[in-house]
Amino acid sequence: MSDQKTERLLNLTIALLATQRYLTKSEIFQSVAGYSGEIDTMERMFERDKDDLRSLGIEIEVRAVDVLFEDQMGYRIRPSDYALDLGPITPRELALISVALQGWRTSALSQSSQTALRKLRSLGIDTDTDQFAMEWLRFENEQPSFDLLWDALEKRQVVEFGYANSSSPIRHVQPYGLTLLHGFWYLIGFDLDRQEIRTFKIARVITPFTLLKKERSYEIPEDFSPAKYLEADATSEFNRAVVHIRKNHCLTLRLEGEVKSVDDDWDEITLRYQHEDPFLRKVLWFGSDAKIISPADLVHKVKNSLQGNAL
Amino acid sequence: MSETALDRASRALDLIPFIVENPGISIEDLATVFGSTPKEITKDLNLLFVCGLPGYSPLELIDLSFDDGYVSVIDAQTLDKPRKLSRREVFAVILGLEGMTSLRAQGDPLRAEIEELRSKLATLISGVNIKIASLKVGTTPTPFLSHIETSLRERTLLDITYLSGHRDTETQRTIRPNFLYVENGFIYLRAFCLTSHGERTFRVDRIIELESKGQASALDFEKALPIKSEVFPTIEIGERSRGFLEENRHLLEIPDDFSYPLATTIAVSDREWLLRTCLGQRGGVSILAPADLATELAQRRAETLALYG
């Protein structure tokens, strides 16, 4: 059964690619191998086949074949729509693209990068990726795949999922964008329950994503871009902390600001930070070689946690 | 794995142009390239053999030769060209190039080249809204990346000045780079350190000076000291340190259905790293064993607390 269908899809593609003019359905049913049975059956087969080919990214052009009979539609695939064309591309550029694709060796985009690599290797251009010594490239940490989420984003479907560490565990979100930051994927979208744009770390999604059926159910604001959104977030408000660091210690911390001497044992540095947790991790890494002077609530937090109190 | 008719059709469409460009390729190799088995590929080829243009006479069918497991295409009919990239594939390319850019410092010639290529491709790929995804691999790019890559290609030694976060020291070392990798957004260099006679890992953004030392000689390739077989520490991770768990998944033993607090071994031999990390996690990660390490952590906590009077 599956063989027959594969065969029919291939024959349909070959025929639609070869034709110079638009083929009507009845021409297709008569000539393309694999269509048989009642006319209704063939119609249904053809509709499904068209959808299937389109889901592979194959564009099928549809046009009325006769101006007088507008319901008589014809179909074809333009070779220029079908074939990969990267314009005039050099072997070196192609090699760079191949290196970029190899960076996706783990999860979310690995399948697509494999298929893309094969297509590029079918262009008949010799490439040498060794020239870049970049076989080390890897963008993502290992994490669950989320193909469904790409679909939702592309088809503008609302997703429903459970999110760890939150008071309202089930979230309904209109996906606006996906972003990979420091090895982890994040979903940025409009949270329908909270009525605002939020960012979710995909590694923290605890139930499988469910897509709500309706497609095209929302619009992504014209001017929205995940990169800009995160940038705005990243430059929003900086806090400043004054930290005393022991002389000749905290070397990597010293790269982050101007260092002034306090006395024979200590220097002082003012550090910028955005979120408390990562900042405290960074400072406490140096143990008794770093002491937070201000702000007072950070000092309080550090003392408390060192005394073993819950935060 | 269940494969749909569509998956097979998709692979079959990609097989033909690939074979056209690689005539005489073995079925084994095809299977490797296409992530499939020789049996499946043979089935695909047999299927393609009976496909073709309407009429389906021998002249209108796809014609392949397979001799003793080596394949060539004699007539591809209309399928000789690779298909256009799918939307997902476009994302993989464009985001991948963006990722490569984000790793390279301003002024790195390769950075400019990659950026130019990216914008060139972006204009070619119409109809895909590439704005919906973005990527930033990580930290501040380092100007030394291209030097390290050159050293890897030409197998030269490097003199570096390195800030060790683990030991909070600045050291001068001569190293022979082995390979680079990315983890949690940082670029790491695995190298043989001639100064300390062993394999070491360096975070590339903490190399503050670097100079090439010329070709490595055979002498420089002495073996790393064998790593002592050891018992890894056991730690307990509380819920508020879930970020720690996510970033260090590869070091931990995590059952499929775990709950917090999670007790697990952690595959690290560097005590200093573990102690400092635990300090930073503020009680979210504690050491259960070995006992001396747990005591050391308690002591460091007390010393740090003492600062605050």
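Trainee: At what angle do α1(B) and helix α3 (residues 38-49) of chain B pack, and how far apart are their axes?

Mentor: Please keep in mind that this is a predicted model. The helices α1(B) and α3(B) pack at an angle of about 80°, and their axes are 10 Å apart. An angle from 65 to 115 degrees counts as roughly perpendicular, and therefore α1(B) and α3(B) are roughly perpendicular to each other. On the side of α1(B), the contact is made by R8(B), R11(B), A12(B), L15(B) and I16(B). On the side of α3(B), D44(B), L47(B) and L48(B) take part. By class, the residues of this contact are five nonpolar and three charged, with no polar residue.

Strand β5 (residues 170-181) of chain A pairs with strand β4 (residues 133-136) of chain B in the parallel sense, over four bridges. Within β4(B), K136(B) stands opposite L181(A).

A further element of chain B to examine is helix α8 (residues 271-280), which is mostly covered, with seven of its 10 residues buried. Among the buried residues of α8(B) are L274(B), L275(B), R276(B) and T277(B). Their cover comes from both chains: it includes α10 (276-284) of chain A, as well as β12 (285-289) and α9 (291-307) of chain B. After α8(B) comes R282(B), which has a positive phi, near 50°.

Finally, consider the partner chain as a whole. Chain A has 11 helices and 12 strands. Its radius of gyration is 29 Å, well over the 19 Å that the globule rule gives for 311 residues, so chain A is more spread out than a compact globule. The C-alpha trace of chain A spans about 95 × 50 × 35 Å along its principal axes. Of the 311 residues in chain A, 32% are buried.

Key
Residues numbered from 1 in each chain as written. Chains lettered and ligands numbered in written order. Predicted model: local features only at pLDDT ≥ 70, side-chain atom pairs only at ≥ 80, totals over all residues. Buried ≥ 20, exposed ≤ 12 C-beta atoms within 10 Å, placed from the backbone. Helix = DSSP H or I, 4+ residues; strand = E, 2+ residues; numbered from the N terminus. Contact = placed C-beta atoms within 7 Å. Pairing = 2+ DSSP bridges. Axes fitted to C-alpha atoms, helices over the stretch in contact; angles between N-to-C directions. Parallel < 35°, antiparallel > 145°, perpendicular 65-115°, else oblique. Nonpolar A, V, L, I, M, F, W, Y, C, P; charged D, E, K, R; others polar. Rg over C-alpha atoms; globule rule 2.2 N^0.38 Å.
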